[in-house]
Amino acid sequence: MNRSTVRRRVLLSRETLLGALVVILASALCIGLGLWQFGRYEDRRDSAAIVDAQYDADPVPLDEVLDSPTTPLASQQQWTPVTLTGSYCDEPACVLHVRNRQLNGSVGFWETVPFRSDDGVVLFVVRGWVAEDESTSAPAKPAALPEGEITITVRLRPIEPVLDRDPPARQAHSVNPEQMAELITGAGSDATAGTLVTGAFGELAAEQPPGPRPAPLEAPDTSLGPHLSYAFQWWIFALFFPLALVVRTRKVLQESLEDLEAEHETVETELTAVRRPRREVHTSHRGQDEDEEDALIDSFYR
């Protein structure tokens, strides 16, 4: 067996081939997880860029952001401040509280009320956060609504999906204008009749004149999180497995070659011992007297 045969036997061994298969699968999994984390990083980065660009921008009229009341809010227009002048619906049926919303670690409600502008457009506005009365699972102390005509500044946000659950009276599971309008209409109010904005809702930033309101919502989180570092960690793991296989295979190959060299040395030693020449036997020269005696003996027997 020569060195080439040993290399081929090690590289094509069952252990090496199975190890290569495991390395391919493990590396592919790590690469996929890294790409997933990198995708999450890109989403956070893009969202943070939108918040930075829009959150503290100067307010604009609503029709500059939405082409029509039914137009879905574009992702690049999220958090855009807009101003409207009009009044809130002050009927009890108009105030809906969206369940299971957190503020500073506490669970409560978002107070949501339809606002009708002077041009007849109705926009649902989240005025703020209200604590929960744990004994009744209802708002502990709803804030009073301002009366009469006011000017509000709200930040536009995309609507939330409808949850397939029936909420308690005067509550909702998500901020979805169409569903909330149905709840208000079902309670006997026509406050949402008219031009309802169904593609967005507003988060209250300011009211003029100012007055009592629920606790303002927290500003959106613009941190990028650990996703980018996680992505690089997964990609480093993906490189580790091939490296480990190379190190292991190299070690096995080196040990096999050392065994081959040792076997060759043993065989060579044995062959050297077999081929060693025998020592010549040197006979001493016979003396003249011995030759004469042998001649006499031979003549006697003749």
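**Aromatic pairs and charge–ring contacts in a predicted model**

A search of the whole structure finds 7 aromatic pairs; rings of Phe, Tyr and Trp (its six-membered ring) pair if their centres lie within 6.5 Å, and planes under 30 degrees apart count as stacked, over 60 as edge-to-face and the rest as tilted.

**View 1. Phe-38 and Tyr-41 form a tilted pair.** The two ring centres are 5.7 Å apart and the planes stand at 40°, so the pair is classed as tilted. Phe-38 and Tyr-41 are 3 residues apart in helix α2 (residues 14-54), which separates them by about one helical turn; helices (H or I, at least four residues) are DSSP runs, numbered from the N terminus. Tyr-41 is buried at 15% relative accessibility, whereas Phe-38 is partly exposed at 26% (buried means under 20% relative accessible area, exposed over 50%, partly exposed in between; 1.4 Å probe, protein chains only).

**View 2. Phe-240 and Phe-241 pair edge-to-face.** Their centres lie 5.6 Å apart, with 70° between the planes. Phe-241 is partly exposed, at 29% relative accessibility.

**View 3. Ring pairs join four residues into a cluster.** The members are Phe-38, Tyr-41, Phe-232 and Trp-235.

**View 4. Arginine charges sit over aromatic rings.** The charged end of Arg-101 is 4.5 Å from the ring centre of Trp-110, and Arg-155 lies over the face of Tyr-55 at 3.7 Å from the ring centre. A charge sits over a ring if NZ of Lys or CZ of Arg is within 6 Å of the ring centre and within 35 degrees of the ring normal.

Residues are numbered from 1 along each chain as its sequence is written, and side-chain values use heavy atoms, with hydrogens and water left out. In this predicted model, local features need pLDDT of at least 70 and side-chain atom pairs count only at pLDDT 80 or more, while totals for chains, interfaces and linings use all residues.

Technical notes:
Helices (H or I, at least four residues) and strands (E, at least two) are DSSP runs, numbered from the N terminus.
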